[in-house]
Amino acid sequence: MWYFEAVPDRGELIAIKQAELTPAGRLHRYSWEYLEDEHGFLTDQALHPEEDPLEAIPAEEFQRVWTHDEDL
């Protein structure tokens with residue numbers, strides 16, 4: 001499962017934080033402060049909700065996932 005925190009920029013939706021929760025419960029986080037590791041990287045492409053449906057979640061839910069220090 002992928003989670004994105006994104007902001008509009010010149011007509012595009014740009015991911016500034018990205019979290020991936022794997023089926024095994026591992027959490028991988030990326031942002032401008034931590035761009036990549038051996039598991040993945042912060043996307044460098046704009047998000048396109050019209051092409052890849054996204055489900056909006058409350059900021060608090062994203063923050064809960066983002067700040068979780070252990071496997072979920």
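A pocket is an open set of points, on a 1 Å grid over the protein atoms alone, where a 1.4 Å probe fits, with protein on both sides within 12 Å along at least five of seven lines; its lining residues have an atom within 4 Å of a point. A volume is the space filled by probe spheres set on the points.

The model is predicted: local features need pLDDT of at least 70, side-chain atom pairs count only at pLDDT 80 or more, and totals for chains, interfaces and linings use all residues. Residues are numbered from 1 along each chain, and side-chain values use heavy atoms, without hydrogens and water.

**Exercise 1.** Describe the largest pocket and its lining.

*Solution.* Step one: the volume of the largest pocket is about 460 Å³. Step two: 17 residues line this pocket, and Y3, F4, E55, A56 and I57 are the closest to its centre. Step three: β1 (2-9) contributes the most to the lining, namely five residues. Step four: by class, the lining comprises 14 nonpolar, three charged and no polar residues.

**Exercise 2.** Identify the salt bridge (a side-chain nitrogen of Lys or Arg within 4 Å of a carboxyl oxygen of Asp or Glu) and state the accessibility of D9 and R10.

*Solution.* Step one: the structure holds one salt bridge. Step two: D9 pairs with R10, with 3.6 Å between the closest N and O atoms. Step three: D9 has a relative accessible area of 34% and is partly exposed, that is, between the limits for buried (under 20%) and exposed (over 50%), with a 1.4 Å probe and protein chains only. Step four: R10, at 79%, is exposed.

Definitions and conventions: Helix = DSSP H or I, 4+ residues; strand = E, 2+ residues; numbered from the N terminus. Nonpolar A, V, L, I, M, F, W, Y, C, P; charged D, E, K, R; others polar.
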